[in-house]
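Thanks for making time this morning; I would like to walk you through the charged side chains of one model. Please keep the structure open while I talk.

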Amino acid sequence: MILEKKLTIREVKKILRDLNDDLDTILTNKKINYQRTQPQSIAIKDIIVDQSHTSFDKFAHYVIKDEDLDIKITSLLQSINSYESLIIKRIKSIALANKKDAEVIILREDEKYASEHGGNPRTWEVIGEATGFSARQAHRIYDKYLNS
């Protein structure tokens, strides 16, 4: 039997950030490829007679290259959509289970708070005070979420 580790919302958000960064890089490369096909001013090296007589169609080369990039872009967008729907499903299931439990999980996985405090999530004491649970109970609720 293969045991799969269930990703937390925080881990899924990190994966989403990485996928969005990859998508941004590919879109930038696509834009650069397009800009290369656009008319430019004449350079002196273009005036010199060329002996090779090879015809190189910049636009055709751009279209061929971009087909590969389009496949990558489509794949990344599908991955991003699946992870975003996973986050939505997780939040909905938590919210349906218990509003207070959901609050504990959301406070623990708050990325904005963690980034402002050196990557550390809220402590169990802070979460307990905010939700009305004890620190141990808040920790237990979060562990239940991770194991379910």
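Predicted model: local features only at pLDDT ≥ 70, side-chain atom pairs only at ≥ 80, totals over all residues.

Residues are numbered from 1 along each chain as its sequence is written, and side-chain values use heavy atoms, with hydrogens and water left out.

Where does Glu109 sit? Glu109 is in the loop between helix 4 (99–108) and helix 5 (111–116), helices being DSSP runs of H or I, at least four residues, numbered from the N terminus. Setting aside residues up to four places away in sequence, Glu109 touches Thr8, Ile9, Arg10, Tyr142 and Tyr145, where contact means heavy atoms within 4.5 Å.

Is Glu109 buried or exposed? Glu109 is buried, yet has no salt bridge, and the nearest side chain of opposite charge, Lys13, is 6.8 Å away. Here buried means under 20% relative accessible area, exposed over 50%, and partly exposed in between, with a 1.4 Å probe and protein chains only; a salt bridge needs a side-chain nitrogen of Lys or Arg within 4 Å of a carboxyl oxygen of Asp or Glu. Lys and Arg count as positive and Asp and Glu as negative, with His and the chain ends not counted.

Across the whole structure there are 4 salt bridges, and I will go through some of them. Lys14 and Asp18 pair at 3.0 Å, N to O; they are 4 residues apart in helix 1 (residues 9–37), and therefore separated by about one helical turn. Lys14 is partly exposed at 42% relative accessibility, and Asp18 is partly exposed at 36%.

Glu111 forms a salt bridge with Arg17, with the closest N and O atoms 2.4 Å apart. Because Glu111 lies in helix 5 and Arg17 in helix 1, this pair ties together parts 94 residues apart in sequence.

Finally, Arg122 pairs with Asp110 at 3.1 Å between the closest N and O atoms. Arg122 is buried, at 16% relative accessibility, whereas Asp110 is partly exposed, at 27%.

Definitions and conventions. Helix = DSSP H or I, 4+ residues; strand = E, 2+ residues; numbered from the N terminus.
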